[in-house]
Amino acid sequence: MKLKQVVKTTTLAAAVSAMTALATPALAEVLIGSTLAITGRASFLGDPEAKTLAMLVDEINAAGGINGEPVRLIQYDDGGDPNKARTFATRLVEDDEVVAVIGGSTTGTTMAMVPIFEEAEVPFISLAGAVAIIDPVKKWVFKTPHTDRMACEKIFTDMQANGISKIGMISGTGGFGKSMRGQCMDVAGDFDIEIVADETYGPSDSDMTPQLTNIKNTDGIQAVVNPGFGQGPAIVTRNYRQLGIDLPLYQSHGVASKSFIELAGDAAEGVRLPAAALLVANNLAEDDPQKPVVMKYIEDYQTATGEPVSTFGGHAYDAFKMLAAAMETAGTTTDSAAIRYALENTSGFIGTAGVVNMSPDDHLGLDLSAFKMLEIRDGDWTIIE
Amino acid sequence: MSEFLQFVFSGLTVGAVYALVALGFTIIYNASSVVNFAQGEFVMLGGMATVFIFDAGVPIWGAAALAILLTATIGILLNKLAIEPARGASVVNLIIITIGASIFLRGLAQIVFDKQIHRFPAFSGDTPFNIAGATLLPQSIWVLFGAAAVFIGLYAFFTRTLMGKAVLATANNRLAARLVGINTNFIMALSFALSAAVGATAGVLVTPITLTSYDIGVMLALKGFAAAMLGGMGNPFGALVGGLLIGLIEATTAGYLSSDYKDAAAFIVILLTLFVMPQGLFGQKSMERV
């Protein structure tokens, strides 16, 4: 009896010490923080982003981690609310003591968090769209998605090529639509484009025929641009066809997902939009440097989640891969300053959004060639150029 | 002229949905003096359930009927599990319970369905009718006739049937109603079921036009409430007229003024109603007997 107990205790002690020994290397794990809009109105952004990050962390840990250290992702859900995002940002910096942060699904949450990471000197890669995030350049802030300004430029380039000079705009009043509307107005002059009609709609509006009727009745109008995301653009597209407007309709990269085609149905035929290569992976030329990257991501994501990919998950993919690469280049997983420096000097990185070449003046590193001009034909994307 | 007609069509379509939501408010208000803020969620549930049942391979009519039935059941459960246990509470408390219920239903929809935007095909195609230069979708006509049919049905129910009168009696004085042999618990369950079914019908009719997602209920409830207040709380005819009026005001504001003020216009109307004639266009003057 007594002997048994002794044996038991010894085994237990041995087991405990073995576990402590095992646990020690875990202290050197790489802590990466993230707060995304996994639920709420912008969940169509945050949901695939979070799933992509989780998938990549598993993948990198299975391959031995970054510089031999396992990665642990600390994930928060801010629901797209800037207030919550700010709270989580503080928590990531002060309590979790992460080495870098990926996140901010929306421009609103990103901008709310920027001051915290700037002050704490933590590298921060945003997944949101607006140009304001990286212009002016902020030392610790980077982003992966194309900006709305680039989308405007891409659309206007296409219009110019088609001899269009007078256009109407119908924009969502949400953060994305509002910001892109401003950027389009800003750059329109550079392309000799005059905006002769300017209408808006609210994020939860369900009928835009009155606004479109006004656009339709504007003299000399040659095309219409609709900056916005969510259900708005789908309803605009349907109303557009209902009213029988024959002019070309341009959507933004905000609707670059299959669900837009499903929601807008036949009305989506002929709609043009700028989007990342991810959307048309199968139609990319064989020698396109992005092809192997996007094909792999699509396959991995679909195997891991059983859901089709969206460009939004691709933004998280680019952010994580770029961060991991920067840590490897810098040879450290703890020195924030060295990681930031490596991020800023990212060059020739091939992601789902395009080829990234960052510099101290450019914390995005993408140019217009990263966008493909697409047209919806027979319910699918076609590259036109 | 054609543009005015277009605004009218747009306003009537959207307004008919508000009217249906307002009618839903009317039923529960008539039975219990409670304003059920989960009314918008019934619209959402009707649309979302139809989408998912339809996708599972059930023909659209069957899917719509099942969705309405399902929503009515949820209405009954809402009454049984949330309203009935708090029967002794004041009306304000009950209203707050319905707000809680609406948040709960929205969360549930996120988990049971998903967070994406959905639609199902229109009942009679998407080819619009061209009337004097303005266009009208066949589905809009479905919505308008649907609202009219629900209104006539409810009007007849409240004025012509014993059951309808029992609902009104329950609202008027629960104790007295019980004394004359009305099963007030049954009446409450019935009014929640009816109200949920009306909301779900709105969801079914309008989803092909406006699309649906788990969070459309909040704005619909607010606009429907505005419509009910404008028409006079508790009056089905008022709900119908109020809904259509709000829809028309919104569409003409968006068309002639700016869509930025569209939502504001609807709520300014409410404030004006409350200030100038709190009983609404067709409501009875409330009197306090001393």
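1. Which strands of chain A does helix α3 (residues 82-94) lie across? Helix α3(A) lies across β1 (30-36), β2 and β3 (100-103) of chain A. Its direction is at about 175 degrees to β1(A). Axes here are lines fitted to C-alpha atoms, for helices over the stretch in contact, and angles run from 0 to 180 degrees between N-to-C directions. Helices (H or I, at least four residues) and strands (E, at least two) are DSSP runs, numbered from the N terminus.

2. Ground rules. This is a predicted model, in which local features need pLDDT of at least 70, side-chain atom pairs count only at pLDDT 80 or more, and totals for chains, interfaces and linings use all residues. Residues are numbered from 1 along each chain as its sequence is written, while chains are lettered from A and ligands numbered from 1 in the order in which they are written.

3. Confidence. The predictor gives the complex an ipTM of 0.83 and a pTM of 0.81. Chain B has a mean pLDDT of 89, pLDDT being the predictor's confidence in each residue, from 0 to 100. In chain B, 97% of the residues reach 70 or more.

4. The sheet of chain A. Five strands form an open sheet, ordered β2-β1-β3-β4-β5. The pairing is parallel. Two strands count as paired if DSSP finds at least two bridges between them. The edges are β2 (71-77) and β5 (141-143) of chain A, each pairing on one side only. From one strand to the next, the twist averages 20 degrees.

5. β1(A) and β3(A) pair in the parallel sense over 4 bridges, with A:S34 opposite A:I102 in β3(A). β3(A) and β4(A) are also parallel, over 3 bridges. Here A:I102 stands opposite A:I125 in β4(A). Strand β4 (residues 124-126) of chain A then joins β5(A) by 3 bridges, again parallel. A:I125 stands opposite A:F142 in β5(A).

6. Both faces of β3(A). In a regular strand the side chains alternate between the two faces of the sheet. On β3(A), A:A100 and A:I102 point one way. A:V101 and A:G103 point the other way. All four are buried. A residue is buried if 20 or more other C-beta atoms lie within 10 Å of its own, exposed if 12 or fewer, and partly exposed in between; C-beta atoms are placed from the backbone.

7. Helix α12 of chain A. This helix covers residues 336-344. Its buried residues include A:I339, A:R340, A:A342, A:L343 and A:E344. What covers the buried residues of α12(A) includes β3, β5 and α11 (311-330) of chain A.

8. A:D186: buried or exposed? A:D186 counts as exposed, because it has 12 C-beta neighbours inside 10 Å. Its place is in helix α6 (residues 175-188) of chain A. A:D186 and A:G129 are 57 residues apart in sequence. Their C-alpha atoms are 17 Å apart in space.

9. The fold of chain B. Chain B has 11 helices and 2 strands. From the N terminus on, the elements run α-α-α-α-β-β-α-α-α-α-α-α-α. The radius of gyration of chain B is 19 Å, close to the 19 Å that the globule rule gives for 290 residues, so chain B is as compact as a globular protein of that length. The radius is taken over C-alpha atoms, and the rule is 2.2 Å times the number of residues to the power 0.38. Along its principal axes the C-alpha trace spans about 60 × 50 × 35 Å. Buried residues make up 52% of the 290.

10. Contact range in chain B. Take contacts between residues at least 6 apart in sequence: 76% of them join residues at least 24 apart. Two residues are in contact if their C-beta atoms, placed from the backbone, lie within 7 Å.

11. B:G203. This residue lies in helix α8 (residues 184-210) of chain B. B:G203 is buried, with 33 other C-beta atoms within 10 Å. Not counting residues up to four places away in sequence, B:G203 touches B:V43, B:M44, B:L45, B:G46, B:G47 and B:T212. B:G203 and B:L23 are 180 residues apart in sequence and 13 Å apart in space, C-alpha to C-alpha.

12. The interface. On chain B, 28 residues are in contact with 30 residues of chain A. α1 (2-32), α10 (236-257) and α11 (262-276) of chain B each supply at least two residues of the side that touches chain A. α1(B) gives the most, with 6 residues. The chain B side divides into 10 nonpolar, 10 polar and 8 charged residues. Ala, Val, Leu, Ile, Met, Phe, Trp, Tyr, Cys and Pro count as nonpolar, Asp, Glu, Lys and Arg as charged, and the others, Gly among them, as polar.
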